[in-house]
Amino acid sequence: MKVQVNLIGRLGKDAEVKTSSNGKQYVSFTVALNEVNNGTEETTWFDVKGFDDQFIKIAQYLTKGKLVHVNGSEQVRLYND
């Protein structure tokens, strides 16, 4: 299932430029969103992969702790514990 997402959060680690099995380069990074619920801070992590060439150009600036805004479509995968 694909949904539109708009995330504003901090990078959990430096972005990495990777190559897919078909030879296409992409950028991979994680974004942390922090919320306070009933006085308890909760962090939700999102794995982001950017296949646009613009991501490759700015990957060096996507470093741990930076505040980022990500807008796009997300493929949602649900996992059972």
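Visitor: Which residue in β3 stands opposite T19?

Guide: Bear in mind that we're looking at a predicted model. The strands β2 and β3 run antiparallel and are joined by 4 bridges. Opposite T19, on the β3 side, you'll find Q25.

Visitor: In the hairpin of β2 and β3, which residue takes a positive phi?

Guide: Look at the link between those two strands, which has 5 residues. One of them has a phi near 90 degrees, and that residue is G23.

Visitor: Where does K24 lie, and which residue does K24 meet in a salt bridge?

Guide: K24 lies in the loop between β2 (16-19) and β3, while the partner is in helix α1, so the pair ties together parts that are 29 residues apart in sequence. K24 itself is partly exposed, with a relative accessible area of 37%. The N to O distance is 3.8 Å, within the 4 Å cut-off for a salt bridge. The partner is D53.

Visitor: How many salt bridges does a search of the whole structure find?

Guide: Side chains of opposite charge can pair when their charged atoms come close. Besides K24 with D53, the side chains of E16 and K13 meet at 3.6 Å, N to O. E16 is partly exposed at 34% relative accessible area, and K13 is partly exposed at 41%. For the whole structure, the search gives 2.

Visitor: What is the pattern of strands and helix along the sequence?

Guide: The protein chain has 1 helix and 5 strands. Read along the sequence, they give β-β-β-β-α-β.

Visitor: Is S28 buried or exposed?

Guide: S28 lies in strand β3. Not counting residues up to four places away in sequence, S28 touches A15, E16, K18, V48 and K49. Its relative accessible area is 11%, and the cut-off for buried is under 20%, so S28 counts as buried.

Visitor: What is the relative accessibility of T30?

Guide: T30 is also placed in strand β3. Beyond residues up to four places away in sequence, T30 touches R10, L11, G12, K13, W45, F46 and D47. T30 counts as buried, and the value is 15%.

Visitor: What kind of aromatic pair do F29 and F55 form?

Guide: It's one of 2 aromatic pairs found in the whole structure. F29 and F55 sit 6.1 Å apart, centre to centre, with 40 degrees between the planes. An angle under 30 degrees would count as stacked and one over 60 as edge-to-face, so this pair is tilted.

Visitor: How many residues apart are F29 and F55, and where do they sit?

Guide: F29 is buried at 2% relative accessible area, whereas F55 is partly exposed at 24%. The pair links distant parts of the chain, with F29 in strand β3 and F55 in helix α1 (residues 53-58).

Visitor: Is N71 buried or exposed?

Guide: N71 is found in strand β5. Setting aside residues up to four places away in sequence, N71 touches Q4, V5 and N6. Its relative accessibility is 55%, and the cut-off for exposed is over 50%, so N71 counts as exposed.

Visitor: How far apart in space are N71 and K57?

Guide: In sequence, N71 and K57 are 14 residues apart. Taken from C-alpha to C-alpha, the distance in space is 17 Å.

Visitor: What share of the 81 residues counts as buried?

Guide: The protein chain exposes about 6300 Å², and carbon and sulfur atoms supply 46% of that. The share of residues that count as buried is 26%.

Note on methods:
Residues numbered from 1 in each chain as written. Predicted model: local features only at pLDDT ≥ 70, side-chain atom pairs only at ≥ 80, totals over all residues. Heavy atoms only, no water. Buried < 20%, exposed > 50% of the residue type's maximum accessible area, 1.4 Å probe, protein only. Contact = heavy atoms within 4.5 Å. Phe/Tyr/Trp six-rings, centres within 6.5 Å; stacked < 30°, edge-to-face > 60°. Pairing = 2+ DSSP bridges. Areas by Shrake-Rupley, 256 points an atom, 1.4 Å probe, with all protein chains shown as cover.
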